[in-house]
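This report goes through one protein model under a few headings. Look at the sequence and the structure first, then read on.

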Amino acid sequence: GAKWTYNGLNGEHHWSRNYPYCGGAFQSPIDIKSELLMFDPTLRPIEVQNYILSHSELLTLGNNGHSVQISLPSKMHISSLPHRYTAAQLHFHWGSSSRPAGSEHTVNGKQYATEMHVVHFNSDKYPNISMAVDKSDGLAVLGVLIEIGEFNPAFEEFLRFINGIKYRDQKLQVPGFNVRALLPAHLDEYYRYDGSLTTPPCYPSVLWTIFRNPVTISRKQFLAMATTLYSSHAQDSAPEPLNGNYRKPQLPDSRIVLTSFKG
Ligand SMILES: NS(=O)(=O)c1c(F)c(F)c(S(=O)(=O)CCO)c(N[C@H]2CCCc3ccccc32)c1F
Ligand SMILES: [Zn+2]
């Protein structure tokens, strides 16, 4: 598809020219503000299966020009939703060393340093993510808000390889690790709403689950993610740093945000 960026001539305000859904309704991310919230007692704790991977299995760590992504094995899935949602990949959105705030979802206007998305597709109904990506019940993304604080050993399992994927389309195999440890300790408190992919083609196909509790990474770990990568290819004469890869909050469009917790 047509190239898109987060700033400049192909930035987010121009996406809808080539990707009409980006100008449509039910877009993500949103600012999760108190007046949109409604407690829903039917929202059960999120249950994930096979998120703890052994070092003997390999994952592909890659720079796709828009983010750092890790491809995930299909045994990983969410088991607490009405359909099985099978993991496909995880990736991040972040700010820059000069402006460390780069999460996509914000909470009452607070933007976190980075945000992780674990992308899953409805494998009960669709054979693969490409068939699911534009269906209203196609995707479920788990979002984790990340702030700068304590060092996080779980993130080190892939951050230690990040110098090997500095440029667009570079990828390498890394040992499997405990992906569950990237999530908050407790998965019972979260925000839930219907939204979209936050990148083109912006299909309104995502059941969003944003955990209430942020996790922390150290400033050094944040800087590794925010200052190492380029969105340009290794041979490009003008290297383009990859940072600020977050879409701004979109209109709520009469949506409410359900919470699994009170107050
Ligand atoms: N924020 S977000 O909406 O979760 C989100 C991103 F921000 C993001 F950059 C990506 S991307 O890295 O693939 C780059 C452009 O799509 C995805 N990809 C998903 C949806 C598109 C198709 C596909 C196919 C295989 C695996 C993952 C995905 C994405 F879902
Ligand atoms: Zn994302």
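How much space lies in the largest pocket? About 510 Å³ of space lies in the largest pocket.

## Basis of the report

The model is predicted: local features need pLDDT of at least 70, side-chain atom pairs count only at pLDDT 80 or more, and totals for chains, interfaces and linings use all residues. Residues are numbered from 1 along each chain as its sequence is written, chains are lettered from A and ligands numbered from 1 in the order in which they are written, and side-chain values use heavy atoms, with hydrogens and water left out.

## Pockets and the cavity

Pockets and cavities are found on a 1 Å grid over the protein atoms alone: a cavity is a set of points where a 1.4 Å probe fits but cannot get out, a pocket is an open set with protein on both sides within 12 Å along at least five of seven lines, and lining residues have an atom within 4 Å of a point. Grid points are joined across faces, edges and corners, and a volume is the space filled by probe spheres set on the points. For the classes below, Ala, Val, Leu, Ile, Met, Phe, Trp, Tyr, Cys and Pro count as nonpolar, Asp, Glu, Lys and Arg as charged, and the others, Gly among them, as polar.

The largest pocket has 24 lining residues, and those nearest its centre are Gln89, Leu197, Thr199, Pro200 and Pro201. Two or more lining residues come from each of β7 (85-94), β10 (114-122) and β11 (139-148); β7 gives the largest share, three residues. Helices (H or I, at least four residues) and strands (E, at least two) are DSSP runs, numbered from the N terminus. The lining has 13 nonpolar, 11 polar and no charged residues.

The second largest pocket has a volume of about 430 Å³. Its lining has 18 residues, and Trp4, Thr5, Tyr6, Ser231 and Glu240 lie nearest the centre. By class, six are nonpolar, nine polar and three charged.

## The disulfide

A disulfide is a covalent bond between the sulfur atoms of two cysteines. Here the cut-off is a pair of cysteine sulfur atoms within 2.5 Å. The structure holds one disulfide, which joins Cys22 to Cys202 with an S to S distance of 2.0 Å. The link is right-handed, with 85° about the S-S bond.

Cys22 is buried at 8%, and Cys202 is buried at 0%.

## Aromatic rings

Rings of Phe, Tyr and Trp (its six-membered ring) pair if their centres lie within 6.5 Å; planes under 30 degrees apart count as stacked, over 60 as edge-to-face and the rest as tilted. The structure holds 10 aromatic pairs. One of them is edge-to-face because the rings of Tyr21 and Tyr203 have centres 5.5 Å apart and planes at 70°. Tyr21 lies in the loop between α1 (15-18) and β1 (31-32) and Tyr203 in the loop between β13 (190-195) and β14 (206-211), so this pair ties together parts 182 residues apart in sequence. Tyr21 is partly exposed at 46%, and Tyr203 is partly exposed at 21%.

Ring pairs also link Phe92, Phe155, Phe158 and Phe177 into a cluster. Phe155 is in helix α3 (residues 153-159) and is buried at 0% relative accessibility.

## Backbone details

Two cis peptide bonds can be described. One runs from Ser28 to Pro29, with omega near 0°, and Pro29 is in the loop between α1 and β1. Another joins Pro200 and Pro201, with omega about 10°; Pro201 lies in the loop between β13 and β14.

Asn108 is not a glycine, yet has a positive phi of about 50°. Asn108 is partly exposed, at 47%. Ser254, also not a glycine, has a positive phi of about 70° and is exposed at 74%.

Note on methods
Buried < 20%, exposed > 50% of the residue type's maximum accessible area, 1.4 Å probe, protein only.
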